[in-house]
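Keep the model open as you read.

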Amino acid sequence: MVNLDWSKLPFGYIPTNCNTRCYYKDGKWGDIEVSTSEYINMHMSATGLHYGQQAFEGLKAFRGKDGKVRVFRWEDNWERICFSCKGILMPELPKEKFKEALFKVIKENEEFIPPYGTGASLYIRPLVVGTGAKIGVSAAEEFLFLILVTPVGPYFPQGFKGVDIQIVRDADRAAPHGTGRYKIGGNYAASLASGARGAKEGYKTVLYLDACEKRYVDECGPANFFGIKGNSYVTPESSSILRSITNLSLCALAEDMGLKVERRKIPVEELAELDEAGACGTAAVITPIKSIQDRETGKVYTFANEPGPTSTKLYKRLQGIQYGDEADKFGWTTEVM
Ligand code: PLP
Ligand code: COI
């Protein structure tokens, strides 16, 4: 195992041994290759560079107390990257190729998988990018699929503690019939300026509203939004947000815990009626929210300083399954080694 300060890892990039790659050419995907280069060689006119033809994923592998390494819900990430690829005219990846590239890159970087008990995990970032040259706006004919891994700590460095976030109304991340459902770089480019401004103003992340009416909660820059209201787990239904795999897992756990799951439009004013609020995602896990400031109206929705009881239970059960401490009754984890 490499010598890293595991319990103090940031959510950042740390070089590892290698990444796995696969090239699409002449209408088909090639073999999985292992590369030790951190760079990719592509044409200066590649569609990925000019027209944002690229999609990515984020998933994690966890080392358990028993020493085993488990990857969480990888088939869902494979399905979602295929959905994103289809959405922006890139070829879908055969499941077996995705699996081979995934398991290989985890195994080849075994010494970078953080020890159990450090709160860290191995972040896995698959990427598909149009590498073929085009000048007119159209899809490439050549693509690169790669998977890189890097050990990470919590996305929000305070860990499982409440954060202050901000509602922005003068920026949209994605439009109702746009690309918000796909995990593609353009959505994140659209969020950079408002996210950076929010950070400068003291907020860990920003919360976007539906782009059309600005009446309903959409999602955060890097995570879905959920609330606890009485005995219900509520989370936005919207055509412009990412279908978070963490959120789907929390819905299943909430139901299992006897809560009612409501996936529906959440009017902004309803934030005042929530007992708990949180951001959820692979990187964010569950990040409890302690206040939401509406930047334009000045209204502030406040929650308890400490994470709420239901969010805490959900967090413990999710992480329990991910680290292998709790029985995986939903069949979400796959042992890699
Ligand atoms: N929403 C956005 C915009 C994200 O970037 C992410 C992160 O992947 C999520 C939601 C959470 O999705 P998941 O739980 O599948 O990681
Ligand atoms: C993830 O949670 O995997 C994400 O992709 C969020 C962010 C780091 C972009």
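How many nonpolar, polar and charged residues does the shell around ligand 2 have?

## The shell of ligand 2

By class, 7 residues are nonpolar, 2 are polar and 2 are charged; Ala, Val, Leu, Ile, Met, Phe, Trp, Tyr, Cys and Pro count as nonpolar, Asp, Glu, Lys and Arg as charged, and the others, Gly among them, as polar. Residues around ligand 2 (a heavy atom within 4 Å) include F11, F56, R125 and Y155. Ligand 2 lies between domain 1 (6–152) and domain 2 (163–323), because both give residues to its shell; the domain bounds come from an automatic or database domain assignment.

Look for oxygen atoms of ligand 2 beside side-chain N or O atoms: 2.6 Å from Y123 and 2.7 Å from K183. A backbone N or O atom of A283 is 2.8 Å from a ligand 2 oxygen. The protein buries 90% of the 280 Å² that ligand 2 exposes when taken alone (Shrake-Rupley method, 1.4 Å probe).

## Ligand 1

Around ligand 1 there are 16 residues, with Y188, E219, S244, T246 and T282 coming nearest. Polar side-chain atoms lie 2.6 Å from a ligand 1 oxygen in S244, 2.6 Å in T246 and 2.5 Å in T282. Of the 380 Å² of accessible area that ligand 1 has on its own, the protein covers 97%.

## About the model

This is a predicted model, where local features need pLDDT of at least 70, side-chain atom pairs count only at pLDDT 80 or more, and totals for chains, interfaces and linings use all residues. Residues are numbered from 1 along each chain as its sequence is written, chains are lettered from A and ligands numbered from 1 in the order in which they are written, and side-chain values use heavy atoms, with hydrogens and water left out.

Key:
A polar contact is a pair of N or O atoms within 3.5 Å; within protein, one must be able to donate a hydrogen and the other to accept it, and residues adjacent in sequence count only if both atoms are side-chain atoms.
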